[in-house]
Amino acid sequence: MNLTQSLSTFLLLLGVFGFAQSDSTAYVKRVLETTEIDLLFSYYGQDGTNAAVTGGQGTEELTDATSSIVVSIPMNANDVLTVDAGISAYSSASSSNVNPFDGGIANPASPFSASSGASRSDVLAHFNPSYRHSSEDRNSVWSGNAYVASEYDYFSLGIGGGYTRLFNEKNTELSVSGNVFFDKWNPQYPIELRNGFFDSRITGTGTYSPDFEVFADENRNSYSLSLGLSQVLGKRLQGSVFADVVLQQGLLSTPFQRVYFGDTESFFIEDFQLADDVERLPDTRLKIPIGARLNYYLGDRFVVRTYYRFYYDDWGITAHTLNLEVPIKLSDSFSLYPSYRYYTQQGADYFYAKETALSTFDFYTSDYDLSEFDAHQYGMGLRYKDIFTRAQLFGFGFKSVDLRLQKYDRSDGLDSFIISLGTTFVGN
């Protein structure tokens, strides 16, 4: 859920802020002239047949609605305080099957249908304040941020900071940043693996008695370091390169995702197979993404924005991402943003389809997010901008509205879409 929700919010923020232009003048301006408010909303839906909650086979139907408000306040000529707060509410057929046995005779348990249990829906709330200080010559920027997020079975607390230096008459930009997250699970194991579970409807050869142990460590810590270099290469060409190093430690498995072994007996209640175990993954993970952007300004109406990223981690995943976006300026107020993204991934060493892992293995998962797959994403955006902020709301002028639609198709059958809407208001 976290990855999906985080992806929804990121795409929306990118749409709102991705095309702002820097303003370089002969005199020193305030970093931010007046308070800005961004109202963001997205709606995400997906479907598929490889749910990790039910061991790699079952419904992946999910919907998620995210709304947030971002307020940027100039504290003085050089400092800006930004507060990002929001909620994300989801309903998931797959996660409802943490306990699939509460439907009664009218709704027999099945991995391909939703249960009515408490895990069917949840709400994630986040609060993310940040502070940015610019030097008088605007060639140095220091920033700090904090992050708090909570949902039913997960709590996250983070802090971070960064430094940016501009050289060569602001044509070269070098940045470094770091973040630390301290997270804690409230594990929700599959109902059949909890102490005291018994159901007279169990069928199979022998007695259902899985060799299951709860996780001793319920914490997850993440440490990231990011480096970036941006360079104006000409009047029409701008490029940048970046690299990140992310180290995770602690409980990196998802406690409610089932695994079925190929060397054990199968047991069922109605049409639902009982878990042999939950996924077990190493307690450390090193991730290294490296990428580059190249933007070419064809003229007053067209810009070509390209992006490439290579990803590696020590679980065996390597991946490539290619992205192309061509903003088209239709008029002084309207712009279109068609886009295409291609992603290909080599699967993790610990991924096994249903009933192919063995009980003697140390690590295993049937989460298809860690499998080998290709994906295509197609997008279209429309932006309206009013540089004169003629429309007013509660004393704030309406600056822009950004509407985007993106469609995602994965080779394992998962498909999804996201609709995002962002509006910006500025103080008078």
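A residue is called buried when its relative accessible area is under 20%, exposed when it is over 50%, and partly exposed in between, with a 1.4 Å probe and protein chains only. This is a predicted model, so local features need pLDDT of at least 70 and side-chain atom pairs count only at pLDDT 80 or more, while totals for chains, interfaces and linings use all residues. Residues are numbered from 1 along each chain as its sequence is written, and side-chain values use heavy atoms, without hydrogens and water.

Aromatic rings come first. Rings of Phe, Tyr and Trp (its six-membered ring) pair if their centres lie within 6.5 Å; planes under 30 degrees apart count as stacked, over 60 as edge-to-face and the rest as tilted. The model holds 20 aromatic pairs by this rule. One of them joins Phe261 and Tyr364 edge-to-face, at 5.0 Å centre to centre and with 85° between the planes. This pair links distant parts of the chain, 103 residues apart: Phe261 lies in the loop between strands E10 (258–259) and E11 (268–269), and Tyr364 in the loop between strands E19 (339–346) and E20 (373–385). Strands (E, at least two residues) are DSSP runs numbered from the N terminus. Phe261 counts as buried because its relative accessible area is 6%, and Tyr364 is buried at 5%.

Tyr384 and Phe398 make a stacked pair, because their ring centres are 6.2 Å apart and their planes stand at 15°. Tyr384 belongs to strand E20 and Phe398 to strand E22 (residues 396–410), 14 residues apart. Tyr384 is partly exposed at 24% relative accessible area, whereas Phe398 is buried at 16%. Together with Phe334 and Phe425, these two residues form one aromatic cluster.

Rings also meet charges. A charge sits over a ring if NZ of Lys or CZ of Arg is within 6 Å of the ring centre and within 35 degrees of the ring normal. Arg280 has its charged end over the ring of Phe215, 4.6 Å from the centre. The charged end of Arg285 is placed likewise over Trp315, 4.2 Å from the ring centre.

On the surface, Phe41, Tyr43, Leu403, Leu405, Phe417, Ile419 and Leu421 form a nonpolar patch with about 580 Å² of accessible area together. Areas come from the Shrake-Rupley method with a 1.4 Å probe. Strands E1 (36–47), E22 and E23 (415–427) each supply at least two of the patch residues, and E23 gives the most, with three. Phe41, in strand E1, is partly exposed because its relative accessibility is 38%.

Terms used:
Helix = DSSP H or I, 4+ residues; strand = E, 2+ residues; numbered from the N terminus. Patch = residues over 30% accessible without salt bridge, like charges linked within 9 Å, V, L, I, M, F, W, Y side chains within 5 Å. Salt bridge = Lys/Arg side-chain N within 4 Å of Asp/Glu carboxyl O.
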